[in-house]
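Here is a short note to read alongside the structure.

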Amino acid sequence: MEDKLQSITFRQRLAAAYPWTTAPLIVGAPMRIMSGPELAVAVSSAGGIGFIGPGEKPESTAADLETATALLASSSTGPQQQLTGSLAPLPIGVGYQIWNGDLAIAAATLAQHRPAAVWLFAPRNGQTDIDVWTNRLRQASPATQVWLQIGTLQEALDAVQSASPPDVLVVQGSEAGGHGRASDGVGFITLLPEIADATRGSGIPLIAAGGVADGRGVMAALGVGAAGVAMGTRFLASHEARIKRGYRDEVVRATDGGANTVRTQLYNHLRGTFRWPEQFSPRTIVNRSWVEQQAGTAFEDIKERHDRAMAQGDAAWGPEGWTATYAGANVGLVRGVAKAAEIVEEVRSEAAKIMRALSSW
């Protein structure tokens, strides 16, 4: 059994790289725009690892890191105080979408701010693109560990066998919100242990992502070999998330993610984004745009109503709304808004209670 469960070894390796963290490891995923510096710092300050997501422009990440640096410096007890030396990395991470990212700007940003981790995702040309980014970013900031999000066994094998393997693999299950595998994804409960077996000799820690919203999900992830979990949808309902109230309220309201979320490019196209690589597709809460498309309404008509709704503020979201509400299939487990630190502590505490209960079973 011990040779199949590498969670403890992986966790020890990550604890050495990120000494401010507490087990079980909770990671705040780099959701585009919505994971800003306030959310990332709050997650890291609670003993997790918070990631800043890609911003509206390539230059946005540098501005967010400047804000995060100021927030960390203003704290007398935060994670920055557990790192010593002028070259110590910033105790948060940043995320980049490779397919539309600017590598030169990303490298300059990492060289200046030295975040502890960089999370790469969505290459147009697979591992070839990933290797280019990995090599350039490691040259720019050697202290920054490279995390790679993957959603299939083949992606994991390509990464591990490459000349530039990542420091951490984020294994995203098909339950995840936002962009994931369009047609060949499965849940992490089966995907992660298969990847763990196939990549055993690499020694690369695995982080589970997709569908985790509470301590039960954490325990499931640890049980199949993960060193920790990444949560996105749960943090959409945090006070620190950079999100419109209407969006946040819909995440809290929605239930039954199997029936009420769907993977579709429709909302990308309504927002004017048409170039996403075809192997990726986002999961979103269904609303009028999806219903009308299924009923055969022309895209141009849906687009017109979508654009009008965007001018109505928070009414643009909800069952009768028209704009994108990216969220995971676990949306029914998100039942209230809380501070990010409280979410981390609640999830960690629940996982610990389950672990104690099972140990005496």
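**Notes on a helix pair and a cavity**

1. This is a predicted model. Start with helix H3 (residues 60–73) and helix H4 (residues 103–113). Their axes come within 10 Å and cross at roughly 15°. Angles under 35 degrees count as roughly parallel, so H3 is roughly parallel to H4. The crossing of the two helices is right-handed.

2. Which residues of H3 and H4 meet? From H3 come Thr61, Ala62, Leu65, Glu66 and Thr69. H4 answers with Thr109, Gln112 and His113. Sorted by class, this contact of H3 with H4 holds two nonpolar, five polar and one charged residues.

3. Now the cavity. The structure holds one cavity of 30 Å³ or more. The space in the largest cavity is about 30 Å³.

4. What lines the largest cavity? Phe121, Gln149, Ile150, Gly151, Glu155, Gln172, Gly180, Arg181 and Phe280 do. By class, the lining has three nonpolar, four polar and two charged residues. Gly counts as polar in this scheme.

5. Which strands each supply at least two residues of that lining? They are strand S5 (145–150) and strand S7 (178–181).

Methods. Residues are numbered from 1 along each chain as its sequence is written. This is a predicted model: local features need pLDDT of at least 70, side-chain atom pairs count only at pLDDT 80 or more; totals for chains, interfaces and linings use all residues. Side-chain values use heavy atoms; hydrogens and water are left out. Axes are lines fitted to C-alpha atoms, for helices over the stretch in contact, and angles run from 0 to 180 degrees between N-to-C directions. Helices (H or I, at least four residues) and strands (E, at least two) are DSSP runs, numbered from the N terminus. Angles under 35 degrees count as roughly parallel, over 145 as roughly antiparallel, 65 to 115 as roughly perpendicular and the rest as oblique. A crossing is left-handed if the near helix is turned anticlockwise from the far one by less than a right angle, and right-handed if clockwise. Contact means heavy atoms within 4.5 Å. On a 1 Å grid over the protein atoms alone, a cavity is a set of points where a 1.4 Å probe fits but cannot get out, and a pocket is an open set with protein on both sides within 12 Å along at least five of seven lines; lining residues have an atom within 4 Å of a point. Grid points are joined across faces, edges and corners, and a volume is the space filled by probe spheres set on the points.
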